[in-house]
Each structure stands twice: as structure tokens, then as C-alpha cells.
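Open the structure in your viewer and keep the selection panel at hand. The stops below say what to select next and what is there.

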There are 2 protein chains.
Amino acid sequence: MGSDTGMIDRWRSLSSCYHAVACQLERELQDDHDLTMSEYETLDRLIGVECEKRRMQDLAADMYLSQSALSRTVARLEKGGLVERTLCQDDRRGVFVTPTEAGVRRHAEARRTQLAILAQHLEPQPAHA
Amino acid sequence: MGSDTGMIDRWRSLSSCYHAVACQLERELQDDHDLTMSEYETLDRLIGVECEKRRMQDLAADMYLSQSALSRTVARLEKGGLVERTLCQDDRRGVFVTPTEAGVRRHAEARRTQLAILAQHLEPQPAHA
DNA sequence: GGACATTCAATGCACATGCATCTAGTGTCG
DNA sequence: CGACACTAGATGCATGTGCATTGAATGTCC
């Protein structure tokens, strides 16, 4: 039970740290760049990869979003002109998602906001500088 | 920029760890105890304290929930018979929230689920056993 | 005491999410 | 070829959330 409370403490600090960062990210990405955190993360996954074409499913794999949430997130990004959805010829069930030029720009801008916020919250303890 | 990517990595692992735990908590608390994670957390804050009377505002203070979300969470708990809301006599704007007997029981049951899940995810790295 | 700012909690509203379902395209086995 | 299981992604629906506002009670200043 000593270990129980230790575990709970770790969970609480993990949770509160996460929420502190997430809330601020959500707010500032929205205010300054008109992006949801999920939208930013999605763009980020699309751009941080050599091959700039990814199927929905591949995206979903390393994101915390459910399949339906991702589908709608991509729909929003497309509506905003930040990504394009194209049918996959090999397997016509699949959908390729590619960032547009505007998407790349928006991501670059938003990234600065993200870095600033992360620095603010995560910098103090440079576990492995 | 080396430090940037380190920071981003830390954020990603924080985020993915949080979501892994949170998703499972959300699901199992719901399925086994008919509780939202927020509802459980609220009960937890009410019970983990000697003085068993807390104003909404005090609750909100050490929770990640917004004021409105907390208000509705407490409303749901009350509807489910797990807490009671009573007017605060000193300051009649305030509201005291107290767990009912059923609330205490439900919390105790749910706590076992929580501990099991936390152990599963957080135990592997006993940073300070 | 009376007007005005402030605080606590509740509520209208818009929205992102997850679950379950649906549609369409693929694979498989006879 | 034809039936049936399976997979990819979209969508209906219910719900939990945050922001902005409201309503009531309190504090403050003259």
C-alpha cells in the first residue's frame, strides 16, 4: 500500500503535468493558428515523415485518436485547405492524406507556439540534456 | 534544436503514456462501475480528505476540470446518489459537496480497478521504490 | 443605506470525441 | 464465378467539455 500511494502520486503528477501542457497548447494553438491540438498533431505526423503520403490507418496507428475522431479531424483539415485526401489506387478502400502547401506553412507557424509552450513546462527538468 | 527534439520526445512520451492510462481507466471505470474518470476523480478528491465537506471551488482548485465541467460532473454524481449538495450557510453563494454512503462504497470499489490499471502501466519503472 | 464591482455556481451553446453502424472495396474458399 | 468473412474509412448518435453568460449573494465605497 505504500507503493499504491506512490503509484497514485505518480499518476497524479503525470496527469496534472499533461493537462497543464495540453490546456495551454489547445488554447494557444486555437487562438493563434486556428488549430485544434488534434489537428496540429495530425499535421505533425504527416510532415515529420520522409514519405509525404500516409494512409489514414497509418496515421491512426501512432496517434491517440480513435478512428472516427481521426476521420473527422482530417475532414476538418481538408475543409480548411491544409491537407488533401486522395484515393489510394492499390487498395481503393484506403485514403491517402497529404499536407498542402498551406498546411506545411501553418504547421511551421504553429510549431513555434508548441515549442514555446513545451519549453515553458518541460524545460525545468532536463532529464537528459 | 537538439534540445527541441528532446523536448518534443518527452512531450510525446508523456502524452502517449497519459492517454494509454486514461483510455483504459475511462473504459473500465465506465464498464465496471458506471463512472466517468472525472466522476471518479471528483469522488476521490472528496474522500481523500479528513474534512468531508468541500466547496465546489475548493474541488475545482486541484482538479484539471473547468468550473462548468465540474458543476455538471457533481450534478451527475448527485443524480446517481453518490454525493449530496448542500447550501453553505456562511456564504450562500457557495455549495458544499459531500459523498453519500453509496458514494463512499462506489469509490472503494472503483479504486481497486484504478490501482490495477495504474500498476499495469506505471509499475514497470519504479523510479523511487 | 444604496449603487457598483466581484465572486460562486449553473446553464446555453458549440464542438470534439468514442461507440456502434454502415458502405464500399478486398480476400478467400467452394 | 458466387457467397461470405474481413478491412478501410465515413457517419448517426449520445455525451463530456470549455467558453461565455446569467443569476444570486457578497463585499466595497460613498
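Select helix H2 (residues 37-47) of chain A: H2 lies across E1, E2 and E3 of chain A and runs at about 95° to E3(A). Helices (H or I, at least four residues) and strands (E, at least two) are DSSP runs, numbered from the N terminus. Axes are lines fitted to C-alpha atoms, for helices over the stretch in contact, and angles run from 0 to 180 degrees between N-to-C directions. Two residues are in contact if their C-beta atoms, placed from the backbone, lie within 7 Å.

This is a predicted model, in which local features need pLDDT of at least 70 and side-chain atom pairs count only at pLDDT 80 or more, while totals for chains, interfaces and linings use all residues. Residues are numbered from 1 along each chain as its sequence is written, and chains are lettered from A and ligands numbered from 1 in the order in which they are written.

Now select the strands under the helix. In chain A, 3 strands form an open sheet in the order E1-E3-E2, with antiparallel pairing. Strand E1 (54-55) and strand E2 (83-87) of chain A are the edge strands, each pairing on one side only. E2(A) pairs with strand E3 (residues 95-99) of chain A in the antiparallel sense over 5 bridges; two strands pair if DSSP finds at least two bridges between them. To see one bridge, pick A:Glu84, whose partner in E3(A) is A:Thr98.

Move to chain B and select helix H2 (residues 37-47) with H4(B). Their axes come within 10 Å and cross at roughly 85°. H2(B) is therefore roughly perpendicular to H4(B), a term for angles of 65 to 115 degrees. On H2(B) the contact is made by B:Ser38, B:Glu39, B:Thr42 and B:Leu43, and on H4(B) by B:Ala69, B:Thr73, B:Val74, B:Arg76 and B:Leu77. These residues divide into 4 nonpolar, 3 polar and 2 charged. Here Ala, Val, Leu, Ile, Met, Phe, Trp, Tyr, Cys and Pro count as nonpolar, Asp, Glu, Lys and Arg as charged, and the others, Gly among them, as polar.

Next, show DNA strand D. It is surrounded by 24 residues, and the closest are A:Gln57, A:Ser68, B:Ser66, B:Ser68 and B:Ala69; a residue is near a strand if its C-beta atom, placed from the backbone, lies within 6 Å of it. Helix H3 (56-61) and helix H4 (67-79) of chain A, together with helix H4 (67-79) of chain B, each give two or more residues to this surface. H4(A) gives the most, with 5 residues.

Which residues come nearest to DNA strand C? Select A:Ser66, A:Ser68, A:Ala69, B:Gln57 and B:Ser68. The largest share of the surface near DNA strand C, 5 residues, comes from H4(B).

Finally, display both protein chains. In the contact between them, 20 residues of chain B touch 20 residues of chain A. H1(B) gives the most to the chain B side, with 14 residues, and that side divides into 12 nonpolar, 5 polar and 3 charged residues. Chain B can be laid on chain A with an RMSD of 0.0 Å by a turn of 180° and a shift of 0.0 Å along the axis. The two copies are thus related as by a two-fold rotation axis. The superposition is by least squares on the C-alpha atoms of residues with pLDDT of at least 70 in both copies.

Definitions and conventions. Angles under 35 degrees count as roughly parallel, over 145 as roughly antiparallel, 65 to 115 as roughly perpendicular and the rest as oblique.
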